[in-house]
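Good morning, and thank you for making time for this item. I would ask everyone to have the coordinates open while I speak, as I shall refer to individual residues throughout.

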Amino acid sequence: MQQPAATTQNWTNSFSAAIGDTPLIRLSTLSRETGCNILGKAEFLNPGGSVKDRAALGMIDAAEASGRLVKNGTVVEGTAGNTGIGLVHICNERAYPCVIYMPDNQSPEKAQLLQTLGADVRQVPAVPYKDPANFQKQAGEYASTTPGVFWTNQFDNTANRDIHFRTTGPEIWRQTDGLVDAFVTACGTGGTLAGVSRYLKQKNQNIQIVLADPMGSALYNYVKTGLPEISKGPSITEGIGNSRITGNLADTLIDDAVQVQDLDMINVLYKLLMKEGWYLGSSTGINLCAAVQTALKLGPGHTIVTMLCDSGNKYQSRLYNKEFLQEKGLA
Ligand code: PMP
């Protein structure tokens, strides 16, 4: 039977097409406490469950457009989490095998999830970035020694920040009617912050761009002093913080940085869960604390936008496990 043409604008026709255009949610408790509008971009509603669906889509689309990824090609990335999840979904949609290198110290749920989605998961020893056996380096090595393999290279491939320039930035501008005073977010690759900063600064250079950083990362010191010196850690957050300035983050206008302790991150997440029903991940807790600090600094009447990067689902055994928190002295 012939299928009718899928032309109505009310339908979304693919996984890729369902990425982005996420709601902007006013968080009433934090807004009341600060006298500001604290608005969160609900990235956990992307079809793969996180903000990284955007980066995965941006990098695959750019690789196809440039001819670096062709039919029957393989995609490889070094990732412990959300980027890998986004990539596997899109690789399935477009019939590319997907190879994921990840450090072997990650929670078993992550490797299992990637395998369930269809990735060829390769767990390698958790060693620092400078070691050639590091998971990111091994992903790059695999691509450079195997024909037909494309390394998405999320940290330094600026197709990552470009999609945030093309989508996240304009969405925030439109959803706030241009009345955004500050944009606050943590950085892993820096793609989100760099893309949104470039868009919003072009619209209004007075919009404050604030980097939220967990302990044990070098980015707070980088913004404050120009030197990426690692601060005292550790942090139980995942997917954020960095010891180096990536290709995505380089040459980005950043007005300020806020450092957030894990205990404050946990408190804000449990407060939002108990008072408003939002079940959110650790990087979002860092973002919310930094958004509140930014609101207090700017004073009442301002509008602060941040990212609700993913939900609490992947963090049940740690962040949302009282025994784990007690063990870490964070209960
Ligand atoms: N939050 C979570 C949960 C993530 O997985 C990531 C990406 N690693 C980020 C925030 C940071 O996003 P970006 O890589 O765009 O800086």
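This is a predicted model: local features need pLDDT of at least 70, side-chain atom pairs count only at pLDDT 80 or more; totals for chains, interfaces and linings use all residues.

Let me begin with the domains. The domain assignment gives domain 1 as 16-45 + 168-323, and domain 2 as 52-151. Taken over C-alpha atoms, the centres of domain 1 and domain 2 are separated by 25 Å. To their contact, domain 1 contributes 16 residues and domain 2 contributes 14 residues.

How much area is buried between domain 1 and domain 2? The value is about 1,100 Å², and carbon and sulfur atoms give 41% of it. On the side of domain 1, the residues that lose the most area to domain 2 are Ser16, Ile19 and Lys314, which together make up 50% of what that side buries.

Across the same interface, 11 residue pairs are in polar contact, with both residues at pLDDT 80 or more. Sorted by class, the side of domain 1 that touches domain 2 comprises eight charged, six polar and two nonpolar residues.

I move now to the salt bridges in general. How many does a search of the whole structure find? It finds 16 salt bridges.

A network of salt bridges links Lys41, Glu43, Arg54 and Glu171.

The next pair is lysine 110 with glutamate 238, whose side chains form a salt bridge at 2.5 Å, N to O. Here too distant parts of the chain are linked: lysine 110 is in helix α4 (residues 108-117) and glutamate 238 is in the loop between α8 and β9, 128 residues apart. Lysine 110 and glutamate 238 are both buried.

A further salt bridge joins the side chains of lysine 297 and aspartate 256, at 2.6 Å, N to O. Lysine 297 belongs to helix α10 (residues 282-298) and aspartate 256 to strand β9, and the two are 41 residues apart.

Let me turn to backbone geometry. Which peptide bond is cis here? The bond from glycine 233 to proline 234 is cis, with omega near -5°. Proline 234 is located in the loop between α8 (219-225) and β9 (256-260).

Two aspartates also call for attention. Aspartate 21, although not a glycine, has a positive phi of about 50°. Aspartate 21 is found in the segment before β1 (24-26), and its relative accessible area is 61%, so it is exposed. Aspartate 177 likewise has a positive phi of about 50° without being a glycine. Aspartate 177 sits in the loop between α6 (159-175) and β7 (182-186). With a relative accessible area of 67%, aspartate 177 is exposed.

Glutamine 136 lies in helix α5 (residues 135-145). Why does glutamine 136 count as buried? Its relative accessibility is 13%, and the cut-off for buried is under 20%. Leaving aside neighbours within four places in sequence, glutamine 136 is in contact with Gly78, Tyr129, Trp151, Phe155 and Arg244.

Phenylalanine 324 lies in helix α11 (residues 322-327). Phenylalanine 324 has 11% relative accessibility and so counts as buried. With neighbours within four places in sequence again set aside, the contacts of phenylalanine 324 are Ile236, Ser317, Arg318 and Leu319.

That concludes my presentation, and I thank you for your attention.

Key. Residues are numbered from 1 along each chain as its sequence is written. Side-chain values use heavy atoms; hydrogens and water are left out. Helices (H or I, at least four residues) and strands (E, at least two) are DSSP runs, numbered from the N terminus. Buried means under 20% relative accessible area, exposed over 50%, partly exposed in between (1.4 Å probe, protein chains only). Contact means heavy atoms within 4.5 Å. Domain bounds come from an automatic or database domain assignment. Buried area is the accessible area (1.4 Å probe) that two parts lose on being put together, summed over both. A polar contact is a pair of N or O atoms within 3.5 Å; within protein, one must be able to donate a hydrogen and the other to accept it, and residues adjacent in sequence count only if both atoms are side-chain atoms. Ala, Val, Leu, Ile, Met, Phe, Trp, Tyr, Cys and Pro count as nonpolar, Asp, Glu, Lys and Arg as charged, and the others, Gly among them, as polar. A salt bridge is a side-chain nitrogen of Lys or Arg within 4 Å of a carboxyl oxygen of Asp or Glu.
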